[in-house]
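Work through the exercises below on aromatic ring pairs and accessibility. Each task is followed by a stepwise solution.

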Amino acid sequence: MTSTHTGEVDVHTLTDEVIRSFDGTPDRRTKDIMTALVRHVHDFVREIEPSLLEWENAIEFLTAVGKKCDPVRQEFILLSDVLGVSMLIETINDHHVPGSTDSTVLGPFHMTESPSRELGDTIDEVGGPQHLLVMGTVRSTAGDLLPHATVDVWQCNDEGFYDVQQPDTQPAGNGRGLFSTDEQGRFWFRTVTPSHYPIPTDGPVGTLLSATHRHPYRPTHIHFIAQAGHHRPLTTHIFMPGGLYLDSDAVFAVKQSLIGELGTADSGQSALAGVEVGSPVLTVDLVLAPARSGGADAL
């Protein structure tokens, strides 16, 4: 193999030399990605001109991010989230279809399988102080209700912690549930009213937020993944209206269209779901886009 080294390297020619080293890459997409990565990273380095100590600190930071990752903690996803990269990638890949529900980031806590539950069950297994009734539908952009659609939900508890963060006090699966819509495309379940919460700050991402005087909080929300045959899967949040941090989400995931509608249970809802009349009710309408022809989501 012929070397690409010219013997004349400076801060500008080095970039072209590194890019030429990928000329033999057989996969075009890999070559394009590596070429763009080198070009942008080199431009970044030329712009900020880091000292050797700063560069060593950067390497140590990324090393610490990797060491903080384990089966229940993904610090690299957290880093991607707080830099807005996760939301940017989500937005680029959304290919939003008019009338469908907006998607948003998956988040770092969808790391365990949700237990299957019956409609009307509670996902709060520890007896929280106030039950919230969540009532929703899954339908198509054409307005057709979608029976037997799956709805995967997960949320934190009323103190702002997910089950995987408190394995000693929350049973596995607390705050999670996998439901199937009824013949009218409806789903409903009971839960504790979740809290706003800070993303984990006991790792290098927390150090980054502290150094930049950024708060770590996320507004109150419930996660949803909805799927139905011949439709694109939807990953989204529904945010509780009127809560804190809706205008300053630490991971930039709030969209106005995803702020839910909060009301109180009437007698019919009370009889259906087993909650007291006047209990808080969050109404959720999940609208799925049709599957792309021949795409991976064409079930």
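**Exercise 1.** Classify Tyr245 as buried, partly exposed or exposed in this predicted model, then do likewise for Tyr217.

Solution. Step 1: buried requires under 20% relative accessible area, and exposed requires over 50%. Step 2: Tyr245 has 23% relative accessibility, so Tyr245 is partly exposed. Step 3: Tyr217, at 28%, is also partly exposed.

**Exercise 2.** Determine how the planes of Phe179 and Phe189 are arranged, and where in the chain the two residues lie.

Solution. Step 1: a search of the whole structure gives five aromatic pairs. Step 2: one of them is Phe179 with Phe189, with 5.1 Å centre to centre and 15° between the planes. Step 3: planes under 30 degrees apart count as stacked, so this pair is stacked. Step 4: Phe179 belongs to strand 3 (residues 176–180) and Phe189 to strand 4 (residues 186–192); they are ten residues apart, and the pair links distant parts of the chain. Step 5: Phe179 has a relative accessible area of 2% and is therefore buried. Step 6: Phe189 is buried too, at 0%.

**Exercise 3.** Classify the ring pair Tyr217 and Tyr245, and locate both residues.

Solution. Step 1: the ring centres of Tyr217 and Tyr245 are 4.9 Å apart and the planes stand at 10°, so the pair is stacked. Step 2: Tyr217 is in strand 6 (residues 217–218), whereas Tyr245 is in the loop between strand 8 (234–239) and strand 9 (261–264). Step 3: the two residues are 28 residues apart, and their pair links distant parts of the chain.

Terms used:
Residues numbered from 1 in each chain as written. Predicted model: local features only at pLDDT ≥ 70, side-chain atom pairs only at ≥ 80, totals over all residues. Heavy atoms only, no water. Phe/Tyr/Trp six-rings, centres within 6.5 Å; stacked < 30°, edge-to-face > 60°. Helix = DSSP H or I, 4+ residues; strand = E, 2+ residues; numbered from the N terminus. Buried < 20%, exposed > 50% of the residue type's maximum accessible area, 1.4 Å probe, protein only.
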